[in-house]
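This report describes helix packing and pockets in the structure shown below.

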Amino acid sequence: MVRIYTLLLLVMLMWGLNVSAIKVLVDAIDPMLLTGFRVMTAGAAVLVICSVMGIFRLPYKHEWLIIFYIAIFNVILHHSFVAIGLKMTSGINGSLILGMNPLITVMMAFIILRQRMSWLRITGFMLGFVGVVVTTMTGTGELTGISLGDLIVFLGVVVQGFSFVLISKLKPTFDARLATGYMLVIGAVFIFLASQAFGSGIQEITNLVDWQLASVFLFSAVLATAFGHMTYNHAIKKVGPAESAIFINLNTLFAVTGSAIFLNETITLNHAAGFILILCGVFMGTGALEHVIGKRLGGR
């Protein structure tokens, strides 16, 4: 377990910084076109890694349908919503909304997998929601301060949470890391076709000739998306969707810090208050607080 938790910590660092990376990339390239190209690169990288690890094989006929079904939520909808949403909101707001992922995942696990939900967890969900509202109202003080970009990023969180539950139900005969590679490739094809249908200029990809943008792209595609998703999906199979989601609160911390450092965005008191509320919500909503209380009472 220590090895998996260490890898999850590394993945959260990459995912947190990836918010800033995507924010930089979508300012230079159409979000949908960029997402299709980035996800395809990530999928190819995952399949190569799986081949080197000796776990590569072609899916059986019945497995293709399952992979495609999960790819719709985990890749096509999630990556598209996040890329488009980040284009329309700030890196910090996007980061904090993505921080609701643990709460959404636990809620999905309760609804679909019938996991137990206590009043302490419900309170955690409410705190997390209040935290998101506080951060998206930054600078306005009114509910109308919530932007369309914030809502689109939130949709990206919802579909990803649902996909994590689906991944947990994958049969043990098919490695989750290998499934990740196929999901990314399949999803990338549909995202690219959608970008062309909406009139994205494919020539914008040539902007990646710039070595700085190319470096950011490779970090985002190979490290954050390829290594990050195959590792996280593997952890879901090993320790469960809710338990893995606990680590995503660290993603928010790294993302907000990255936005302040690399995007020169300002961290306000509202952001700090929102992050604390989300963090408390995650700690309570995922059952971590119950575990600590139970451990202390059991030791008496």
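## Packing of α1 against α9

Helix α1 (residues 2-26) packs with helix α9 (residues 211-239) at an angle of about 145°, and their axes lie 8 Å apart. Helices are DSSP runs of H or I with at least four residues, numbered from the N terminus; axes are lines fitted to C-alpha atoms over the stretch in contact, with angles from 0 to 180 degrees between N-to-C directions. The crossing of α1 past α9 is left-handed, that is, the near helix is turned anticlockwise from the far one by less than a right angle, whereas clockwise is right-handed. The contact of α1 with α9 comprises 24 nonpolar, 6 polar and 1 charged residues. Here Ala, Val, Leu, Ile, Met, Phe, Trp, Tyr, Cys and Pro count as nonpolar, Asp, Glu, Lys and Arg as charged, and the others, Gly among them, as polar.

The model is predicted: local features need pLDDT of at least 70, side-chain atom pairs count only at pLDDT 80 or more, and totals for chains, interfaces and linings use all residues. Residues are numbered from 1 along each chain as its sequence is written, and side-chain values use heavy atoms, with hydrogens and water left out.

## Packing of α8 against α9

The axes of helix α8 (residues 176-197) and α9 come within 8 Å and cross at roughly 135°. The two helices α8 and α9 are therefore oblique to each other, a class left after angles under 35 degrees (roughly parallel), over 145 (roughly antiparallel) and 65 to 115 (roughly perpendicular). The crossing of α8 past α9 is right-handed.

Contact (heavy atoms within 4.5 Å) involves A176, R177, T180, M183 and L184 of α8, together with T225, H229, M230, N233, H234 and K237 of α9. By class, this contact of α8 with α9 has 4 nonpolar, 5 polar and 2 charged residues.

## The largest pocket

The largest pocket holds about 180 Å³ of space. Its lining is formed by L17, S20, A21, V24, V216, F219, F262 and L263. The largest share of this lining, 4 residues, comes from α1, and the classes are 7 nonpolar, 1 polar and no charged.

A pocket is an open set of points on a 1 Å grid over the protein atoms alone, where a 1.4 Å probe fits, with protein on both sides within 12 Å along at least five of seven lines; lining residues have an atom within 4 Å of a point. Points are joined across faces, edges and corners, and a volume is the space filled by probe spheres set on them.

## The second largest pocket

About 160 Å³ of space lies in the second largest pocket, which is lined by R3, L7, I49, M53, R177, F227, M230, T231 and H234. Two or more lining residues are given by each of α1, α2 (31-53) and α9, with the largest share, 4 residues, from α9. This lining has 5 nonpolar, 2 polar and 2 charged residues.
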